[in-house]
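Biologist: I am new to this structure. Could you show me how to read it, one feature at a time?

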Amino acid sequence: MFQSMKIAPSILSADLMDLSRDVAMMEQAGAQWAHIDVMDGHFVPNLTFGVPLVKQLARITDLPLDVHLMISNPLTQIPWFVEAGATSVTVHVEACGPGELEQAVAMLHDAGVMAAAAIKPKTPVSALAPVLADLDMVLVMSVEPGFSGQSYIASSEVKVAHVVEMAREAGASPLIQVDGGIGVETAALVAAHGADVLVCGNAVFAATDPAAAISAIESAGDGARRSAMSL
Ligand code: DX5
Ligand code: ZN
């Protein structure tokens, strides 16, 4: 059955002085998730949000809160984000020591929260192997994590296809999320290669009409998915 693309606008690019207005816009425009980029100034150079913002968002919206942890030592903070109301938590494989990725997934599942693992552009897909069969979602980064508004790294879609293939071989079917430089054209590209969830920052919030941008990205993704299915 055809499953529509999920669009997860990244609030990193929203107007933080008018965040509740932007979140209401996302709801009305049919965005399925709100993506929250948590950066610690250590795992990535930038410093952004933490637990208090997730707590406040949970108070004002019913949108699922998709927390992308770009932090060192994620195991310490996972319980706090769960408690704050995260629907899904993504941990970077590069931030985990031996056995920690498995622990993160178990912790999230015990709490009834979706568990996701992210790989940076230079990280091989094979780094997901220890947890792939247990993941609810894989995040393929299509820019170096740290900043919004960067350009999509060419050929990231090949990595998406590789994850789909590796998951199939492992007998798993996690959602595949792509994050970084996604707009109408790149949405179609990654959707055709198997992406299910698209994170978009700049392409939505820098648009003259952000709600129309969400619809256009969703339509582009859906169109490409339909064509890929009928091949
Ligand atoms: C980058 C973040 C992204 C980013 C997306 O480290 O994880 O979520 O904000 O922004 P755009 O869509 O502008 O690349
Ligand atoms: Zn992100």
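Modeller: Start with a rule for neighbours: a residue is near a molecule if one of its heavy atoms lies within 4 Å of it. Keep in mind that this is a predicted model.

Biologist: How many residues surround ligand 1, and which are the closest?

Modeller: The count is 20 residues. The closest are Asp37, Gly146, Gly149, Asp179 and Gly201.

Biologist: What does that shell hold by class?

Modeller: Eight residues are nonpolar, ten are polar and two are charged.

Biologist: Which elements give two or more residues to the shell around ligand 1?

Modeller: First, the space itself: ligand 1 takes up the second largest pocket. The elements giving two or more residues to its shell are β2 (34-39), β3 (65-70) and β8 (197-200). Of the elements, β2 gives the most, with three residues.

Biologist: Now the polar contacts. How do I read one?

Modeller: Look for a pair of N or O atoms within 3.5 Å.

Biologist: Which part of Gly181 lies 2.8 Å from an oxygen atom of ligand 1?

Modeller: A polar backbone atom of Gly181 does. With Asp37, a polar side-chain atom is 2.7 Å from an oxygen atom of ligand 1. With Ser10, an N or O atom of the side chain is 3.4 Å from an oxygen atom of ligand 1.

Biologist: How much of ligand 1 does the protein cover?

Modeller: On its own, ligand 1 has 380 Å² of accessible area, and the protein covers 100% of that.

Biologist: Let us turn to single residues. Is Gln177 buried or exposed?

Modeller: The cut-off for buried is under 20% relative accessible area. Gln177 has 0%, so Gln177 is buried. Its place is in strand β7, residues 175-179. The side chain of Gln177 also makes a polar contact of 2.7 Å with the side chain of Asp66.

Biologist: What is phi at Ser155?

Modeller: Phi at Ser155 is positive too, at about 75°, and Ser155 is not a glycine. Find Ser155 in the loop between β6 and α5 (156-169). Its relative accessibility is 45%, so Ser155 counts as partly exposed.

Biologist: One more kind of reading: sequence against space. How far apart are Pro121 and Trp80?

Modeller: Pro121 and Trp80 are 41 residues apart in sequence, and 28 Å apart in space from C-alpha to C-alpha. Pro121 sits in the loop between β5 (114-119) and β6 (137-141). With a relative accessible area of 22%, Pro121 is partly exposed.

Biologist: Let me try a second pair. How many residues separate Glu102 and Leu189 in sequence?

Modeller: They are 87 residues apart in sequence. In space, Glu102 and Leu189 are 31 Å apart, C-alpha to C-alpha. Glu102 belongs to helix α4, residues 100-110. At 37% relative accessibility, Glu102 is partly exposed.

Technical notes. Residues numbered from 1 in each chain as written. Chains lettered and ligands numbered in written order. Predicted model: local features only at pLDDT ≥ 70, side-chain atom pairs only at ≥ 80, totals over all residues. Heavy atoms only, no water. Polar contact = N/O pair within 3.5 Å; in protein donor to acceptor, adjacent residues only side chain to side chain. Areas by Shrake-Rupley, 256 points an atom, 1.4 Å probe, with all protein chains shown as cover. 1 Å grid on protein atoms, 1.4 Å probe; cavity = no way out; pocket = protein on both sides within 12 Å on 5 of 7 lines; lining within 4 Å. Sits in = over half its atoms within 2 Å of the grid points. Helix = DSSP H or I, 4+ residues; strand = E, 2+ residues; numbered from the N terminus. Nonpolar A, V, L, I, M, F, W, Y, C, P; charged D, E, K, R; others polar. Buried < 20%, exposed > 50% of the residue type's maximum accessible area, 1.4 Å probe, protein only.
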